Amino acid sequence: MTFTHEPNRTGHAPIALAGHAVVDPRMAKVGTVTDVLFDDRAAEPRWAVVKTGVLSGEHLVPLEHSYVDADGRLVVPLSRANIKRAPRVRRDHVLTPEAQRELRDYYGAAA
């Protein structure tokens with residue numbers, strides 16, 4: 001499975017999440033979306049790259065069970081602490097097989 005930054009090729013408008021605030025289920029701010037990675041096979045967004053702070057770097061957050069609320073915030077089913085402990089993403093936002101394995105181990109999701 002490969003991932004790309006490109007919008008899906010189905011003719012539908014891609015989900016524009018970059019720049020949106022990310023909040024946890026209690027609506028506490030977690031960070032900001034800086035990029036979205038799409039699954040090449042399904043042409044669907046799978047991961048949000050979330051910057052949690054100046055010194056915290058960027059972390060991948062699965063978009064499964066996430067939604068955009070009426071105020072345009074991405075609501076994720078994870079706490080800020082869970083996201084900050086997640087594996088960091090490379091600067092180029094490319095998911096290597098090793099990164100996919102780390103994410104699968106951490107989130108228990110198919111990366």
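## A briefing on strands, core and salt bridges

His65 lies in the loop between strands E5 and E6, where helices (H or I, at least four residues) and strands (E, at least two) are DSSP runs numbered from the N terminus. The model is a predicted one, in which local features need pLDDT of at least 70 and side-chain atom pairs count only at pLDDT 80 or more, while totals for chains, interfaces and linings use all residues. Residues are numbered from 1 along each chain as its sequence is written, and side-chain values use heavy atoms, with hydrogens and water left out.

**Loop residues with a positive phi**

- Most residues other than glycine have a negative phi.
- His65 is not a glycine, and yet its phi is positive, at about 70°.
- With a relative accessible area of 63%, His65 is exposed, in a scheme where buried means under 20% relative accessible area, exposed over 50% and partly exposed in between (1.4 Å probe, protein chains only).
- Ser66 also belongs to the loop between strand E5 (57–62) and strand E6 (67–68), but Ser66 counts as buried because its relative accessibility is 18%.
- Leaving out residues up to four places away in sequence, Ser66 touches Leu74, Val75, Val76 and Pro77, a contact being heavy atoms within 4.5 Å.
- Met27, in the loop between E2 and E3, is another residue other than glycine with a positive phi, near 70°, and its relative accessibility of 33% makes it partly exposed.

**Strands and hairpins**

- Strand E3 (residues 29–39) is mostly covered, since eight of its 11 residues are buried.
- Strand E2 (residues 21–23) runs antiparallel to E3 and is joined to it by three bridges, and two strands are said to pair if DSSP finds at least two bridges between them.
- Within this pairing, Ala21 has Thr32 of E3 as its bridge partner, and the two strands form a hairpin with five residues between them, Met27 being in the turn.
- E3 and E4 are likewise antiparallel, with seven bridges joining them, and one of the residues involved is Val36, whose bridge partner in E4 is Ala48.
- E3 and E4 also form a hairpin, this one with four residues between the strands and with Ala43 in the turn, where phi is positive at about 55°.

**Thr52 and Gly57**

- Thr52 is part of strand E4 (residues 44–53), and its relative accessibility of 5% means that it counts as buried.
- Apart from residues up to four places away in sequence, Thr52 touches Val30, Gly31, Gly57, His59, Arg80, Ile83 and Lys84.
- Gly57 is in strand E5 and is buried, with a relative accessible area of 18%.
- The contacts of Gly57, again not counting residues up to four places away in sequence, are Val50, Lys51, Thr52 and Arg88.
- Gly57 and Arg90 are 33 residues apart along the chain, and their C-alpha atoms are separated by 9.5 Å.

**The nonpolar core**

- In soluble globular proteins, nonpolar side chains tend to be buried together.
- The largest nonpolar core here has 24 residues, and those with the most contacts inside it are Leu60 and Leu74; such a core is a set of buried Ala, Val, Leu, Ile, Met, Phe, Trp, Tyr and Cys residues joined through side-chain atoms within 4.5 Å.
- E3, E4, E5 and helix H2 (97–107) are the elements that give two or more residues to this core, and its largest share, five residues, comes from E3.
- Setting aside neighbours within four places in sequence, Leu60 is in contact with residues including Leu37, Trp47, Ala48, Leu103 and Tyr107.

**Salt bridges**

- The whole structure contains four salt bridges, each defined as a side-chain nitrogen of Lys or Arg within 4 Å of a carboxyl oxygen of Asp or Glu.
- In the salt bridge between Asp24 and Arg26, the closest N and O atoms are 3.5 Å apart; Asp24 is buried at 3% relative accessible area, whereas Arg26 is exposed at 70%.
- Asp71 and Arg73 form a salt bridge whose closest N and O atoms are 3.5 Å apart, and Asp69, Asp71 and Arg73 are linked in a network of salt bridges.
- Asp71 counts as exposed at 62% relative accessibility, while Arg73 is partly exposed, with a relative accessible area of 25%.
- Asp92 and Arg90 meet through their side chains in a salt bridge of 2.6 Å, N to O; Asp92 is partly exposed at 36% relative accessibility, and Arg90 is partly exposed at 41%.
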